[in-house]
Amino acid sequence: MTGTPFRLRPGLRVLARDVDAVQVGQDPRWAVVLDSLTPAEVATWARVDEATDLTALPAAAQHAGADPARVRELVGALHAAGLVRPDPPRARLVRGPTAADAAAWSLLRADAAGEDVVRSRADAVVGVVGLGPTGAGTARLLAAAGVGTLLLDDDGTVRSPDVAGGAHRWSDVGAPRPTALRRVLRDVAPDVRVDGDAEPDVVVVVEPDAADPARGALLTASGVPHLSVVVRAADALVGPFVRPGTADPCLRCLDLHRADADTAWPRVLAGTTAGRDDASRRGAPRPGEVGVLAAACAALASAQVLALLAGTVPLLCGTTAEIALPDVVPRLRPWTPHPDCGCAAPPAAGTATVRTGGTAGTSGTAGTVAAATTGTTTPGPARTRHAGPGVGV
Ligand SMILES: [Zn+2]
């Protein structure tokens, strides 16, 4: 730990916890408690923030009257707990709208390389099909998150109900949706590319009432990962996220399961999606999408796409999030591949994972990480323990 500065991962704070204890971090997935500290050690840790070079902390602690060996031991324990990282090269640092995103991914990634996660988005190509409030909101969030290219697909024009989601503007009513949205995207991300013929890395498909089986089959056959979002009058389904060639159930799997439960489903589905793009068969104008529902779906869909681009397996692979008004609180429904579909392949290897905590040990000696089972501290040598659920602030 000499030479290269080491600091707390971005976003971690040291919080006073007791007369002889401090807590590092608040998220129970990785927060730990340093306890059995002397007053001088508490004072030392209270001055630590993410700008503090922890390699120099033992010497600074000695000046404050603390035992540098004990402080060095606790710094080592924070290393072991994965809460410390070396300074990234200055050229890799991320500033501006995505700085918080980079900090969050620095916490989520085992290698703490949140800046790399955000920077790599500039090379990503994401397609968004269906540019009503949900699709437009998704595209806007992805552009603001640094996705380099967004391919926009919608034949419609902006209507006044489209303003509900907050992405389309009154001044764009009557304009083609893609044209209007390109202006919005360039407002939040001036460098975003919104045209070209690049193959998408992932496609978000936003559809009313039900997912079109033909479109889903086409996307599965093309091998492009795709996320289905279905928006209905008072609820929406986000997911599943389908990664063709993996063990994920596809959209056809879901329809086969639904047909098993309700033999009329194929007919209902056909009636729901037939003539969707035929203006002469649309009948009465649709009332549009509810703003808070569209915003919730857009946030969830965008997060899932960004999780995929970060190399993780998005939670909605094999799962739908059912988001219903008035609460707009997602409820998850898992799905399995349908045996009659034949789409699923064995699980792929090599995907990254995000940190989920649970690195707890049991030793009570200095420099270890132990699970917290109560809110009390244990007399003895200074040590760390995991600040598990129930002790987060
Ligand atoms: Zn399938």
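I began in β9, where H226 is the bridge partner of V203. I take strands (E, at least two residues) and helices (H or I, at least four) as DSSP runs, numbered from the N terminus. The model is a predicted one: local features need pLDDT of at least 70, side-chain atom pairs count only at pLDDT 80 or more, and totals for chains, interfaces and linings use all residues. Residue numbers run from 1 along each chain as its sequence is written.

**Sheet.** I looked up how β8 (residues 202-208) and β9 (residues 226-231) are joined, and found six bridges between the two parallel strands. Two strands count as paired if DSSP finds at least two bridges between them. The open sheet has seven strands in the order β7-β6-β8-β9-β10-β11-β12, and its pairing is mixed. At the edges I noted β7 (149-153) and β12 (331-334), each pairing on one side only. On average, neighbouring strands of this sheet are turned by 15° against each other, direction ignored; the axes are lines fitted to C-alpha atoms.

**Core.** I then turned to the largest nonpolar core, which has 98 residues. Such a core is a set of buried Ala, Val, Leu, Ile, Met, Phe, Trp, Tyr and Cys residues joined through C-beta atoms within 7 Å. A residue is buried if 20 or more other C-beta atoms lie within 10 Å of its own, exposed if 12 or fewer, and partly exposed in between, with C-beta atoms placed from the backbone. L150, V204, V229, V238, C297 and V305 touch the most other members. Helix α11 (residues 291-309) gives the largest share of this core, 13 residues. I listed the contacts of V305 (C-beta atoms within 7 Å), leaving aside neighbours within four places in sequence: V126, L142, V202, V204 and L227.

**Helix α9.** In α9 (residues 251-261) I found L251, R252, C253 and L254 buried. Their cover includes α8 (213-222), β9 and β10 (235-242).

**Backbone.** Most residues other than glycine have a negative phi, and most peptide bonds are trans. I logged a cis bond between G239 and P240, with omega about 10°; P240 lies in strand β10. V328 is in the loop between β11 and β12 and has a positive phi of about 60° although it is not a glycine. V328 is partly exposed, because 15 other C-beta atoms lie within 10 Å.

Note on methods. Contact = placed C-beta atoms within 7 Å. Axes fitted to C-alpha atoms, helices over the stretch in contact; angles between N-to-C directions.
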